Amino acid sequence: MTSARQAADPAFDLVIAGGRVIDPESGLDAVRDIGIRGERIAAIGAPGLTGRDRIDATGLVVSPGFIDIHRHAVGDNSYRYAARDGVTSAFELEIGAPDVDAWYRMMGPARLINFGVSAGHIGARMAVLGDRGFLLPTGPGRGPATAPQIAEILAMIDKGLSDGGIGIGMGLPYTPGATDEEIEAVLRLAAKHRVFVDAHVSGEASVRKLTAFAATVGVGVNIAHINSTAGANVGRWLDEVRALRAAGHDVTTEVYPYTAGASLIQSALYDNWKTWPDERFGTLQWAATGERLTRETFEKYRAVGGSVISHSNTEAALRLGIADPLPVFASDGGRDLDDNPTHPRASGTFARVLGRYVREEKLIPLADALRRMTLEPARRLESRVPEMKDRGRLRVGAFADITVFDPETVIDKSTYTDAAQFSDGIRFVIVNGTPIVRDADFNTRGRLQGQRILIGTPMPGRPIRAPRAVK
Ligand SMILES: [Zn+2]
């Protein structure tokens, strides 16, 4: 450190020295130094680079920063959990925002990590139909829309895309009143803007209909969390996605490494709860207290609203989704009103894959896991957002979004009863050239670069937004 500072004119602002550098795009897997100047990677070379600042990565893996394309929790506190799980960019694509421009204004110019949002069908529908639910419809937003209302919904999404929204978000089980005509109109709008649709589908028939129509109009589709939506049929669904891709259609999907899902108890997912057998309530866990539900407590909490964890999948089905090379890893992480994670996936998804499924169970190779956390999510976004071609990679000229972790100790610590736990073994996280995590703790010594500061930590994360339409 001292000798580096004394060097008269160090070549780089920051050097990540002597780590095992893995770049899924080039296939590089070797001990290298990475030299960073400003926000970008300026050199990747043999050990010996010098810089004003130095991170010793000996014995550690140096990877592109993880890109989470499915995260609902977007606040400062929630982003701290993402950062400590190795995430350098997080996107809210499935639900998205009803007003993309307002969302980016709310988020401001700088956060801990990079962030972006899609134009949301659900939110547009809620606004037009007068639904006052939080995030998801609980009233008229679940029901049918008239032709003039559909036109209004489409106009909102159209504006969101012109304002730089990253694709269109859809959640079909949350909007059961949306007809095929409405859904097809949304897909035609996606075709007009040449964007993909990020969709939570409601079942096998729904995914077939959606992907078939998307193929007809030439629109890409990302199927949200295939692990939870397909459940026991995940193998068959993945084979269908593979077949569509082989036929030239732009279909992708994602998986999170947990057998339980989560949603809001007041949403349309649970509208038919009165017909359930008693034992089904016991598969649900109230996130705020960790208690398993009964018919009585379900009714009580549904009236209040909040996050409910649903123990609905098997480890065997989950492992199929993780072992398959197709899906990317994405957290689907949510938050409570204090911006704390409500399901362990919001804080532990990436470390859990690396610790449990790569190291302990050897279900997938490390390089494959990293490809599905970095390069593939970047590729999903880059036709719409050109700057993503410079993220998810370790190469000269790319943004210096970098995660350095210990492959021997990396592991998730968050649980279903205590989701607010940082992952272990994520040692350094660099966003746009600035370390936000240092020696497995928040960096309070980073370069400030004039950005807004939160509790002494630099805020180098920036909005990631599609180019705005020229009017
Ligand atoms: Zn989600």
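Buried means under 20% relative accessible area, exposed means over 50%, and partly exposed covers what falls in between, all with a 1.4 Å probe and protein chains only. At 5% relative accessibility, then, D332 counts as buried. This is a predicted model, so to speak of local features we need pLDDT of at least 70, side-chain atom pairs count only at pLDDT 80 or more, and totals for chains, interfaces and linings use all residues. Residues are numbered from 1 along each chain as its sequence is written, and side-chain values use heavy atoms, with hydrogens and water left out.

Let's stay with D332 for a moment. You'll find D332 in the loop between β16 (328–329) and α13; helices (H or I, at least four residues) and strands (E, at least two) are DSSP runs, numbered from the N terminus. Phi of D332 is near 60°, a positive value in a residue other than glycine. Setting aside residues up to four places away in sequence, D332 touches H70, H72, E94, H225, Y256 and R345, where contact means heavy atoms within 4.5 Å. With H72 there is also a polar contact of 2.8 Å between the side chains. A polar contact is a pair of N or O atoms within 3.5 Å; within protein, one must be able to donate a hydrogen and the other to accept it, and residues adjacent in sequence count only if both atoms are side-chain atoms.

Is S347 buried or exposed? S347 is buried, with a relative accessible area of 0%. Its side chain reaches the backbone oxygen of A419 at 2.5 Å. Apart from neighbours within four places in sequence, the contacts of S347 are Y81, D85, P341, S414, A419, Q421 and S423. In the loop between α13 and α14 (366–371) sits K362, which is exposed, with a relative accessible area of 65%. K362 is not a glycine, yet its phi is positive, at about 50°.

Now for the nonpolar cores. A nonpolar core is a set of buried Ala, Val, Leu, Ile, Met, Phe, Trp, Tyr and Cys residues joined through side-chain atoms within 4.5 Å. The largest one has 97 residues, and I113 and L354 have the most contacts inside it. Leaving out neighbours within four places in sequence, I113 is in contact with Y79, A82, A83, V87, T88, A90, V431, I436, G461 and R462. There is a second, separate core of 17 residues, and I55, A398, I402 and I430 are among its members.

Next, the helix packing. Two packed helices are described by the angle between their axes and the distance between the axes. Axes here are lines fitted to C-alpha atoms, for helices over the stretch in contact, and angles run from 0 to 180 degrees between N-to-C directions. Helix α5 (residues 147–162) and α6 cross at roughly 25°, and their axes come within 10 Å. That makes α5 roughly parallel to α6, since angles under 35 degrees count as roughly parallel, over 145 as roughly antiparallel, 65 to 115 as roughly perpendicular and the rest as oblique. On the α5 side the contact is made by I150, I153, L154, I157, D158, L161 and S162, and on the α6 side by E182, A185, V186, L189, K192 and H193.

Helix α6 (residues 180–193) also packs against helix α7 (residues 204–217), at an angle of about 40° and with the axes 10 Å apart. This pair is therefore oblique. From α6, D180, I183, E184, L187, R188 and A191 make the contact, and from α7, K209, L210, F213, A214 and V217.

D271 lies in the loop between β13 (260–264) and α10 (278–281) and is partly exposed, with a relative accessible area of 35%. D271 touches R142 and R302, not counting residues up to four places away in sequence, and a polar contact of 2.7 Å joins the side chains of D271 and R302.

R465 is in the segment after β20 (441–442), and at 17% relative accessibility R465 counts as buried. Which side chain does R465 join in a polar contact of 2.7 Å? That partner is D101. A polar atom of the R465 side chain also lies 2.9 Å from the backbone oxygen of D163.
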